[in-house]
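Thanks, I'll keep this short. Please have the sequence and the structure open while I talk.

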Amino acid sequence: MSAYRDKDPRIHGIKTQIRVVPDFPKPGIMFQDITTLLLDTKSFKDTIDLFVERYKGKNISVVAGIEARGFIFGPPIALAIGAKFVPLRKPRKLPGKVISEAYVLEYGSDCLEMHVGAVGLGERALVVDDLIATGGTLCAAMNLLERGGAEVVECACVIELPDLKGRERLNGKPLYVLVESH
Ligand SMILES: O=P(O)(O)OC[C@H]1O[C@H](OP(=O)(O)OP(=O)(O)O)[C@H](O)[C@@H]1O
Ligand SMILES: Nc1ncnc2[nH]cnc12
């Protein structure tokens, strides 16, 4: 485990507030439920603060949040670092012209869409979600941003399931996570 997770006392508190629900939504899945983290004001604030401390002053102009749970963590980070927020949505939710990327999940398959024109050439982007499992969702998100002309600086998640080796699907792009769950 890396140094920042060993040293920062806030990380332990965050981990204890994430509820693990066995066999949801399917048998065999250990579901990492962040709704319990959101109920604890200190842990929720600590989560946002840790990301803001990492990304403030890094010249990031866009935070892209992945539907649905990336919409909880992305906007407060965007506001605090002075970046715009771009929602990456599930199919047929965005009203304007979109670009799409299909991907495979731990328990199914899906597609992400982004409005054409939401990001511009050369923008520096941070991708935010609650969790990385197989990495398919983050990979699709990065593809959308890069197709839009942005440079993805890093991906940030609250939780990583390292056993599913999602990092290996990110083509070497850095991933910052607060807690691991095995
Ligand atoms: O690394 P991966 O294997 O791609 O999985 C990670 C994704 O799975 C979950 O979302 P989900 O697709 O369940 O959608 P939801 O947030 O709308 O419930 C989670 O919030 C991530 O977005
Ligand atoms: N185990 C898990 N818990 C919560 N969200 C997930 N998305 C993919 N796998 C998940």
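I'll go through the ligand site and then one glutamate. Keep in mind that this is a predicted model.

Start with ligand 1. Its surroundings comprise 16 residues, and the closest of them are D129, D130, A133, T134 and T137. Sorted by class, that shell has 6 nonpolar, 4 polar and 6 charged residues.

Now the individual distances. D129 places a polar side-chain atom 2.5 Å from an oxygen atom of ligand 1. For T134, a polar side-chain atom is also found 2.5 Å from an oxygen atom of the ligand. G136 comes in through its backbone: an N or O atom there is 3.4 Å from an oxygen atom of ligand 1.

As for cover, ligand 1 taken alone exposes 500 Å², and the protein buries 87% of that. Which elements give two or more residues to the shell? Those are β7, residues 124-132, and α6, residues 136-147. The largest share, 4 residues, comes from β7.

Next, the glutamate. E154 sits in strand β8, which runs over residues 151-160. Is E154 buried or exposed? Its relative accessible area is 8%, and the cut-off for buried is under 20%, so E154 counts as buried.

What does the side chain of E154 pair with? It makes a polar contact of 2.5 Å with the side chain of Y55. Leaving aside residues up to four places away in sequence, E154 touches R54, Y55, A125, L126, V127, P174, L175 and Y176.

That's it from me; I'll take questions.

Notes: Residues are numbered from 1 along each chain as its sequence is written. Chains are lettered from A and ligands numbered from 1 in the order in which they are written. This is a predicted model: local features need pLDDT of at least 70, side-chain atom pairs count only at pLDDT 80 or more; totals for chains, interfaces and linings use all residues. Side-chain values use heavy atoms; hydrogens and water are left out. A residue is near a molecule or strand if one of its heavy atoms lies within 4 Å of it. A polar contact is a pair of N or O atoms within 3.5 Å; within protein, one must be able to donate a hydrogen and the other to accept it, and residues adjacent in sequence count only if both atoms are side-chain atoms. Accessible areas come from the Shrake-Rupley method with a 1.4 Å probe; for residues, only the protein chains shown count as cover. Ala, Val, Leu, Ile, Met, Phe, Trp, Tyr, Cys and Pro count as nonpolar, Asp, Glu, Lys and Arg as charged, and the others, Gly among them, as polar. Buried means under 20% relative accessible area, exposed over 50%, partly exposed in between (1.4 Å probe, protein chains only). Contact means heavy atoms within 4.5 Å.
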